[in-house]
Amino acid sequence: MFQSAARGMYLLATVTLSLFALLFIGLSAVTVAEGVASLDGAALTSAMLDGVGMIVLAIAVFEIAKYLYEEEIVRERELRRADEARRTLTKFLTTIIIATSLEGLVLVFEARTSEISAMVYPTMLLGVVTLLVVGLGVFQWLARKAESIHVDPQASDDDEAEDDKRGSGKPENGERNRGA
């Protein structure tokens, strides 16, 4: 029952996020149309940059919805292996990095028409994007190292069985009850 409720919540979140993404795209089109109707070059440029920013946001929101749908509804699996976790997290973080870097570029173009002090926020945002890329690279490197460690499933099962024996007070393999 809980599993069905969880899937229902993920489905609701996926549909809601997809609708938000569509609304962002529609709002972007309306914003650009208003800029065209104003017959002012500066207003049109601003509207187009705002439109690009909203489309980038729509893509990021839609990618999150797609991620939820693929990972939580369709596959309904837990990330048990290191390579599954690496691929899933890499895909998700790549989407965030792309959206954030595009937003940073849009802000740079917006800031170029203002004072130089307006460049601080876009520069910091692009710095954060750089740190995200470096962090993702470190994660990839560490995850690949973890994937290369061979774990024998039989040995793991044997270790669990041995731990169970120790916890139950039974003698270990090869040991006999000495005394009495």
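L11, V15, L19, F20, L22, L23, Y69 and V74 form a nonpolar patch, with about 790 Å² of accessible area together. The elements that give two or more residues to the patch are α1 and α2. The largest share, six residues, comes from α1. My patch rule takes residues with over 30% relative accessible area and no salt bridge, joining like charges within 9 Å and nonpolar side chains (Val, Leu, Ile, Met, Phe, Trp, Tyr) within 5 Å. Areas are Shrake-Rupley with a 1.4 Å probe, and for residues only the protein chains shown count as cover. I checked L11, which sits in helix α1 and is partly exposed at 42% relative accessible area.

**Ground rules**

I number residues from 1 along each chain as its sequence is written. As the model is predicted, local features need pLDDT of at least 70, side-chain atom pairs count only at pLDDT 80 or more, and totals for chains, interfaces and linings use all residues, while side-chain values use heavy atoms, with hydrogens and water left out.

**Helix α1 and what follows**

I went back to α1 for its span: 36 residues reach 52 Å from first C-alpha to last, close to the 52 Å expected at 1.5 Å a residue. The expected figure is 1.5 Å times one less than the number of residues. The buried residues of α1 are T14, S18, A21, S28, T31 and G35. Their cover includes α2, where cover goes by contact, meaning heavy atoms within 4.5 Å.

Next I looked at L39, in the loop between α1 (2-37) and α2. Its phi is near 55°, a positive value in a residue other than glycine. Most residues other than glycine have a negative phi. L39 counts as exposed, at 80% relative accessibility.

**Salt bridges**

How many salt bridges does the structure hold? I got two, taking a side-chain nitrogen of Lys or Arg within 4 Å of a carboxyl oxygen of Asp or Glu.

- K66 and E63 meet at 3.7 Å, N to O. Both lie in helix α2 (residues 41-74), three residues apart, about one turn of the helix. Residues three or four places apart point the same way, because an α-helix has 3.6 residues a turn. Both are partly exposed, K66 at 30% and E63 at 22%.
- E70 pairs with K91, the closest N and O atoms being 2.6 Å apart. E70 lies in α2 and K91 in α3 (residues 82-111), so this pair ties together parts that are 21 residues apart in sequence. K91 is partly exposed at 37%.

**Helix α4**

I ran the span check on α4 (residues 120-148) too: its 29 residues should span 42 Å, and the end C-alpha atoms are 42 Å apart, which agrees. Its buried residues are P122, L125, V129, L136, Q140 and A143.

**Whole chain**

I closed with the totals. There are five helices and zero strands, in the pattern α-α-α-α-α. Helices (H or I, at least four residues) and strands (E, at least two) are DSSP runs numbered from the N terminus. Buried residues make up 21% of the 180 residues. Of the contacts with a separation of 6 or more, 62% join residues 24 or more positions apart. The protein exposes about 12,800 Å², and carbon and sulfur atoms supply 65% of it.

How values were computed
Buried means under 20% relative accessible area, exposed over 50%, partly exposed in between (1.4 Å probe, protein chains only).
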